[in-house]
Amino acid sequence: MLADVFEPDNLIALLKQSILTSITDLNLSGYADYFWSSCDGHIIQAERKQNGELLSSLLAVEEQLSRQYDKAAENILIIEGFIIPSRRGCCTLKRSKDDRYFYIDREYEHTGYAAWLSWLYQLDKAGITHYCTPDLRGTAA
């Protein structure tokens, strides 16, 4: 597996426990954060975004995914941290430092929950699979 140079060191360390991982400048070359070949030889890439990073600018993320799309046969978006509805939009959830619970981190009023779900649906229709993970450890798993 190849990982971009800007990915967190602790995530790379977790990945290296179970898979050979090399660091390279993927983003500069127009690829997603992670890049590997499947057992049948097709290329897979995965872009990792934190929940707040996504809700801050869905359009910018969509444009980035669009630029990366043709670089691999399979495209994945990993969404780190959960997103839930609120009265005025969406809230991001983060895991507590002691791993005992999740808490509301921030509310994003400019993105409604229905719009968020529609955006995910359109990603799926475009052939981009998304996975939601609770944190870096979940992403590594």
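Figure 1. Glu80 is buried, at a relative accessible area of 7%; here buried means under 20% relative accessible area, exposed means over 50%, and partly exposed lies in between (1.4 Å probe, protein chains only). The model is a predicted one, in which local features need pLDDT of at least 70 and side-chain atom pairs count only at pLDDT 80 or more, while totals for chains, interfaces and linings use all residues. Residues are numbered from 1 along each chain as its sequence is written, and side-chain values use heavy atoms, with hydrogens and water left out. Glu80 belongs to strand S5, which covers residues 74-80. Helices (H or I, at least four residues) and strands (E, at least two) are DSSP runs, numbered from the N terminus. The side chain of Glu80 makes a polar contact of 2.7 Å with the side chain of Thr139. A polar contact is a pair of N or O atoms within 3.5 Å; within protein, one must be able to donate a hydrogen and the other to accept it, and residues adjacent in sequence count only if both atoms are side-chain atoms. When neighbours within four places in sequence are set aside, the residues in contact with Glu80 include Arg48, Lys49, Asp135 and Thr139, contact meaning heavy atoms within 4.5 Å.

**Figure 2. Strand S5 and its two partner strands.** Of the seven residues of S5, six are buried. Strand S4 (residues 43-50) pairs with S5 in the parallel sense over seven bridges. S5 also pairs with strand S9 (residues 128-133), again in the parallel sense, over six bridges. Two strands are said to pair if DSSP finds at least two bridges between them.

**Figure 3. The salt bridge between Glu47 and Lys49.** The closest N and O atoms of Glu47 and Lys49 are 3.4 Å apart, and the two residues form a salt bridge. A salt bridge is a side-chain nitrogen of Lys or Arg within 4 Å of a carboxyl oxygen of Asp or Glu, and by this rule the count comes to ten. Side chains of opposite charge can pair when their charged atoms come close. Glu47 is buried, with a relative accessible area of 2%. Lys49 also counts as buried, at 8% relative accessibility.

**Figure 4. The salt-bridge network around Asp135.** Arg95, Asp99, Asp135 and Arg137 are linked in a network of salt bridges. Asp135 is buried, with a relative accessible area of 15%. Arg95 counts as partly exposed at 27% relative accessibility, as does Arg137 at 45%.

**Figure 5. Asp99 in its loop.** Asp99 is placed in the loop between S7 and strand S8 (102-108). The phi angle of Asp99 is near 65°, a positive value in a residue other than glycine. At 35% relative accessibility, Asp99 counts as partly exposed.

**Figure 6. Asp4 in strand S1.** Asp4 is found in strand S1, residues 2-4, and counts as buried at 1% relative accessibility. A polar atom of the Asp4 side chain lies 3.1 Å from the backbone nitrogen of Phe6. Asp4 and Asn27 are 23 residues apart in sequence, and their C-alpha atoms are 6.4 Å apart in space. Not counting residues up to four places away in sequence, Asp4 touches several others, including Ile23, Asp25, Asn27 and Asp33.

**Figure 7. The protein chain as the setting of these views.** The protein chain has five helices and nine strands, which run β-α-β-β-β-α-α-β-β-β-β-α-β-α from the N terminus on. The C-alpha trace spans about 45 × 35 × 25 Å along its principal axes. Of the 141 residues, 38% count as buried. Among contacts between residues at least 6 apart in sequence, 55% join residues at least 24 apart.
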